[in-house]
Amino acid sequence: MNKISVGGFTRITRKEARKRYNAGEVVRLCAVKLSPVNMWGCFADCCREALSPIAEDGFNTVVARSREFDTVVNAFTFYNCNAETGRYPAFYVKGV
């Protein structure tokens, strides 16, 4: 795999992303044809221990991100990857 760096993010392999995710680091998932720093693109910063809010409705609703790596990647792929954006996700980390 070529070393690709965009806007301070470096692309890594799925194997390395799994290792870093399980170690508690933040891994950015992005559809393969999109940029990981474009504000119009779809990307997700995933961390095993982090909580992410899903609504600002005053009830402080959160979804736990402490899931298995494959579950998070499969959910991202199902909802965000298609023929236009790319059929699979690319994985990025900040400042390697």
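I take buried to mean under 20% relative accessible area, exposed over 50%, and partly exposed in between (1.4 Å probe, protein chains only). Helices (H or I, at least four residues) and strands (E, at least two) are DSSP runs, numbered from the N terminus.

**Ground rules.** This is a predicted model, so I read local features only at pLDDT of at least 70 and side-chain atom pairs only at 80 or more, while totals for chains, interfaces and linings use all residues. Residues are numbered from 1 along each chain as its sequence is written, and side-chain values use heavy atoms, with hydrogens and water left out.

**Confidence.** I looked up pLDDT, the predictor's confidence in each residue, from 0 to 100. The protein chain has a mean of 82, and 81% of its residues reach 70 or more. Strand β2 (residues 9–12) is highest, at a mean of 96, and strand β6 (residues 62–64) lowest, at 46. Over residues 53–64 the value stays under 50. Where pLDDT is low, the predicted coordinates should not be read in detail.

**Strand β2.** Which way do the side chains of β2 point? Phe-9 and Arg-11 go one way, Thr-10 and Ile-12 the other, and all are buried. In a regular strand the side chains alternate between the two faces of the sheet. I then checked pairing (at least two DSSP bridges between two strands). Strand β1 (residues 5–6) runs antiparallel to β2, with two bridges. Val-6 has Phe-9 as its bridge partner. Two residues separate the strands of this hairpin, and Gly-7 there takes a positive phi near 55°. β2 also pairs antiparallel with β7, over four bridges. There Arg-11 stands opposite Tyr-92.

**Helix α1.** I listed the buried residues of α1 (residues 14–22): Ala-17, Arg-20 and Tyr-21. Down the axis they fall within an arc of 100° (directions from the helix axis to the C-beta atoms), so they line one face of the helix. Lys-15 and Lys-19 are exposed on the face turned away. The buried residues pack against β2, β3 (27–31), β4 (43–46), α2 and β7. Just after α1, Gly-24 has a positive phi of about 100°.

**Aromatics.** I found three aromatic pairs. Rings of Phe, Tyr and Trp (its six-membered ring) pair if their centres lie within 6.5 Å; planes under 30 degrees apart are stacked, over 60 edge-to-face, the rest tilted. Phe-69 and Phe-91 make a tilted pair, 5.8 Å centre to centre with 40° between the planes. Phe-69 is in helix α2 (residues 69–80) and Phe-91 in strand β7 (residues 89–94), so the pair ties together parts 22 residues apart in sequence. Both Phe-69 and Phe-91 are buried.

Key. Contact = heavy atoms within 4.5 Å.
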